[in-house]
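Morning, everyone. Please have a look at the picture first.

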Amino acid sequence: MKFIDLFSGIGGFHTALSNNGCTCVFSSEIDKDCIEVYRNNYGMESGINVCEVKTSDLPDFDIICSGNPCQSFSKAGKQGGLNDTRGTLFFEVQRIIEDKRPKYVMMGRSSARNTCPQNTGFLI
């Protein structure tokens, strides 16, 4: 199976899926240190901002993986929820899911979703 790795960080989803016979066909990350680690670990460029990706430019895939930034929902962050730009990045993933209709969706989430002042956590 083929997968894409959004908000890929250093590649947790990549490692898990690759170790189980899947192939990564696209990755996206904006943190320069994570991009370097990802490149060194997987030989792939991940320095692409998901907000700038046209779904028509994405290769076909079966699984979408998304390690969305959790700072806007986490106790460790400011808990700005959807009032924090990082909290709205979920909608970029939703856009890709709606356009590409993958068979599977794998998402990381903050365990503090029920402690946000606005109760804006997502459960899929």
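Which residues does Ile64 touch, leaving out those up to four places away in sequence? This is a predicted model, so please take what follows as computed from that prediction. The contacts of Ile64 are Ile4, Leu6, Val93, Ile96, Ile97, Pro102, Tyr104, Val105 and Met106.

Some of those names come back in the core. The largest nonpolar core has 13 residues, and Ile4, Leu6, Leu58, Ile64 and Ile96 are the ones with the most contacts inside it. Two elements give two or more residues to this core: strand S1, residues 2-6, and helix H3, residues 90-100. H3 gives the most, with three residues. There is also a second, separate core of eight residues, and among them are Phe3, Cys22, Met44 and Ile63.

Now the sheet. Four strands form an open sheet, and the order is S2-S1-S3-S4, with parallel pairing. At the edges are strand S2, residues 23-28, and strand S4, residues 104-107, each of which pairs on one side only. From one strand to the next, the twist averages 15°.

Let me take S1 and its two partners in turn. With strand S3, residues 63-66, S1 pairs in the parallel sense over four bridges. Within that pairing, Leu6 has Ser66 in S3 as its bridge partner, and Asp5 stands opposite Cys65 in S3. On the S2 side, S1 is joined by five bridges, and the two strands run parallel. There, Ile4 stands opposite Phe26 in S2. To get from S1 to S2, the chain passes through helix H1, residues 12-18, and this β-α-β crossover is right-handed.

Is S1 buried or exposed? Four of its five residues are buried, so S1 is largely enclosed by the rest of the structure. For the cut-off, buried here means under 20% relative accessible area.

Back to the pairing between S1 and S3, with its four bridges. Helix H3 packs on the sheet and touches S1, S3 and S4. The direction of H3 makes about 175° with that of S3.

Terms used:
Residues are numbered from 1 along each chain as its sequence is written. This is a predicted model: local features need pLDDT of at least 70, side-chain atom pairs count only at pLDDT 80 or more; totals for chains, interfaces and linings use all residues. Side-chain values use heavy atoms; hydrogens and water are left out. A nonpolar core is a set of buried Ala, Val, Leu, Ile, Met, Phe, Trp, Tyr and Cys residues joined through side-chain atoms within 4.5 Å. Buried means under 20% relative accessible area, exposed over 50%, partly exposed in between (1.4 Å probe, protein chains only). Contact means heavy atoms within 4.5 Å. Two strands pair if DSSP finds at least two bridges between them. Axes are lines fitted to C-alpha atoms, for helices over the stretch in contact, and angles run from 0 to 180 degrees between N-to-C directions. A crossover is right-handed if, with the strands pointing away from the viewer, the path from the first strand over the helix to the second runs clockwise.
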